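The following note sets out points for a colleague who has the coordinates to hand. Please read each point against the displayed model.

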Amino acid sequence: MNAEWSCESLFYRQVHPTWLADGVPSSQAFGPTPKDTDKLSVDDASLVSAEGSWRHFTEKLGLQSVGTWAVSLGEVEETSDLTVTASPKVVAEDPAKDNPAHCGVDFSKVSSKGQKKRKAQHLAIKATARGCLYQSAG
Amino acid sequence: MTQEPFIQPRFVGPRFEGHTLPLSAAKDLAAYEELVLELARHLVRQKHGRVKKGFAQVFSLHIERIDDGSAKPALVAMMLGALLPDLPPEIVEAKDLINSVIATEAGQTFPAAFPKDCYSYFNRIGRSLEEGESIEWLPDSLTNKTVLTPVKRKRLVLAHRETYEAEVNVAGLVESLDTKRRTGTLSSLENETVTFAFDDPFFSDLKEALGNRRLDVSLKGIGVFDVNDRLTAITAIEQLELLPHLKLVGGIEALLELEDGWLEGGGKAPDPERLTGLMNEMIRAFPADLEYPAVVPTEDGNVVFEWIRSETRIELEVNFEGKQLELYATNLKTNQFVEETYPQDGWADAFDKVSTLLLA
């Protein structure tokens with residue numbers, strides 16, 4: 001938790017194309033997957049724009065995303081047991097992949113699959129209500 | 001009857017590598033024969049003012065054999081009886097003129113001697129070609145093999161028309177049928193309205209699908225496209241397939257494309273056999289009155305059906321390994337969360353629960 005963050009602070013989330021249905025992200029996009037080790041990757045919106053977040057993800061990291069959605073710190077915390085931690089990425093062998101805005105929404109205190117689903121659905125509803133903040137042209 | 005070699009085009013593409021020719025390609029050659037004759041008649045008229053009676057009846061093109069080298073059908077000109085013992089020069093001129101037209105590249109001027117009306121023949125000549133396929137009309141030429149591709153065929157037709165014809169396979173909802181005129185309208189999956197004409201054998205299936213949002217149809221036939229490649233009509237249906245629950249089944253089918261590593265290098269692809277089984281199960285078991293969910297994969301190779309509302313998310317995860325259906329539903333309006341599991345064949349109970357939750 002960064003001291004400069006407030007409840008309104010936004011965190012960007014990139015959405016994989018297979019997790020978009022009729023322009024709306026699936027709840028899958030807001031839950032940590034096994035490879036995430038319970039940390040959902042997001043970017044601190046005070047350090048990068050929605051477009052910049054998408055460009056880093058797709059162009060620098062070479063990953064797939066249809067656009068940038070966001071959840072606020074307040075929305076994360078109201079689900080209880082979730083916290084956001086700053087975790088800047090430093091890639092020694094390829095500094096272009098460094099990401100000082102990188103953060104993780106920590107699901108590690110949530111033990112059951114059902115409760116993780118519940119929190120992911122909560123975040124998906126909130127992010128969908130806010131709308132897509134940057135959409136790829138393709 | 002006399003015969004002499006006429007032309008030996010080469011069909012290029014994976015479909016022709018077995019040195020056989022699909023029957024649909026034979027239709028292209030039949031249309032080519034019609035164009036040769038029509039153009040020859042035109043050339044005779046220009047020279048002599050009239051065409052001798054029986055000119056068309058004594059000449060025809062036959063496929064003598066199909067040679068190797070992709071598929072190379074050898075066309076011979078057949079002259080019937082003694083009326084025309086030799087191939088009329090206008091027939092040969094017509095062949096050469098057609099070759100000149102096909103050889104014309106984008107930005108070049110078409111041969112002035114080729115009549116405007118004859119460009120419409122390219123609606124049928126080469127219509128069987130799929131993307132990446134072509135016909136080399138002079139395959140042994142060192143300077144210009146006179147290649148007809150789907151793109152060039154379209155350009156030839158559009159040289160003097162605003163629409164062109166091509167094979168089409170489109171799916172959607174049958175919106176209306178006119179039984180007297182044997183026509184109807186289809187609302188495609190892209191929400192475009194397309195008119196179609198149909199023959200009697202298709203009427204029964206079209207009637208069954210009429211207005212049924214749970215029973216789409218797939219129409220394969222001849223489509224009319226405008227210059228922007230927008231499908232405007234289907235002039236003939238060749239195949240019709242009924243597609244129950246297309247939106248849902250199509251969503252599952254799309255997951256067959258996934259390969260291991262689909263999610264940022266991780267992500268297990270769902271097992272194709274399980275997906276096929278799931279499609280069949282949905283055709284059998286999906287309720288008629290339940291709205292279709294989104295279909296998404298999970299990182300571990302399962303499939304999730306998700307119903308999305310502004311304050312509600314309902315996920316039904318098909319857990320293949322665990323052999324169960326898992327329901328997770330969040331409603332922020334009522335602040336309720338529901339978590340239930342069902343046996344893998346418990347579709348009816350699971351869908352009942354989803355229906356109830358959607359009403360909340």
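1. B:Glu299 counts as partly exposed because 19 C-beta neighbours lie inside 10 Å; the class falls between buried (20 or more other C-beta atoms within 10 Å) and exposed (12 or fewer), with C-beta atoms placed from the backbone. This residue lies in the loop between strand 12 and strand 13 of chain B. Helices (H or I, at least four residues) and strands (E, at least two) are DSSP runs numbered from the N terminus. Leaving aside residues up to four places away in sequence, B:Glu299 touches A:Thr33, A:Pro34 and A:Lys35, as well as B:Leu263, B:Gly266, B:Gly267 and B:Lys268; contact requires C-beta atoms, placed from the backbone, within 7 Å. From B:Lys47, B:Glu299 is separated by 252 residues in sequence and by 74 Å in space, C-alpha to C-alpha.

2. On provenance, this is a predicted model, in which local features need pLDDT of at least 70 and side-chain atom pairs count only at pLDDT 80 or more, while totals for chains, interfaces and linings use all residues. Residues are numbered from 1 along each chain as its sequence is written, and chains are lettered from A and ligands numbered from 1 in the order in which they are written.

3. Between the chains, 20 residues of chain A are in contact with 22 residues of chain B. On the chain A side, helix 3 (residues 113–130) gives the most, with eight residues. That side comprises eight nonpolar, nine polar and three charged residues, where Ala, Val, Leu, Ile, Met, Phe, Trp, Tyr, Cys and Pro count as nonpolar, Asp, Glu, Lys and Arg as charged, and the others, Gly among them, as polar.

4. Helix 1 of chain B has 26 residues and reaches 38 Å from first to last C-alpha, close to the 38 Å expected at 1.5 Å a residue; the expected span is 1.5 Å times one less than the number of residues. Its buried residues include B:Leu35, B:Val36, B:Leu39, B:Ala40, B:Leu43 and B:Val44. An α-helix has 3.6 residues a turn, so residues three or four places apart point the same way. Among the elements covering the buried residues of helix 1 of chain B are strand 2 (10–12), strand 3 (59–67), strand 4 (72–79) and helix 2 of chain B. Just after helix 1 of chain B, B:Gly49 takes a positive phi of about 85°.

5. The axes of helix 1 (residues 23–48) and helix 2 (residues 89–103) of chain B come within 8 Å and cross at roughly 115°. Axes here are lines fitted to C-alpha atoms, for helices over the stretch in contact, with angles from 0 to 180 degrees between N-to-C directions. The residues of this contact divide into ten nonpolar, no polar and three charged.

6. Chain B is assigned domain 1 (2–161), domain 2 (165–244) and domain 3 (247–359), with bounds from an automatic or database domain assignment. The C-alpha centres of domain 2 and domain 3 of chain B lie 30 Å apart.

7. B:Asn191 has phi near 65° and is placed in the loop between strand 8 (183–188) and strand 9 (193–197) of chain B; B:Asn191 is exposed because 8 other C-beta atoms lie within 10 Å. B:Glu264 has phi near 50° and sits in the loop between helix 5 and helix 6 of chain B. With 19 other C-beta atoms within 10 Å, B:Glu264 is partly exposed.

Methods:
Two residues are in contact if their C-beta atoms, placed from the backbone, lie within 7 Å.
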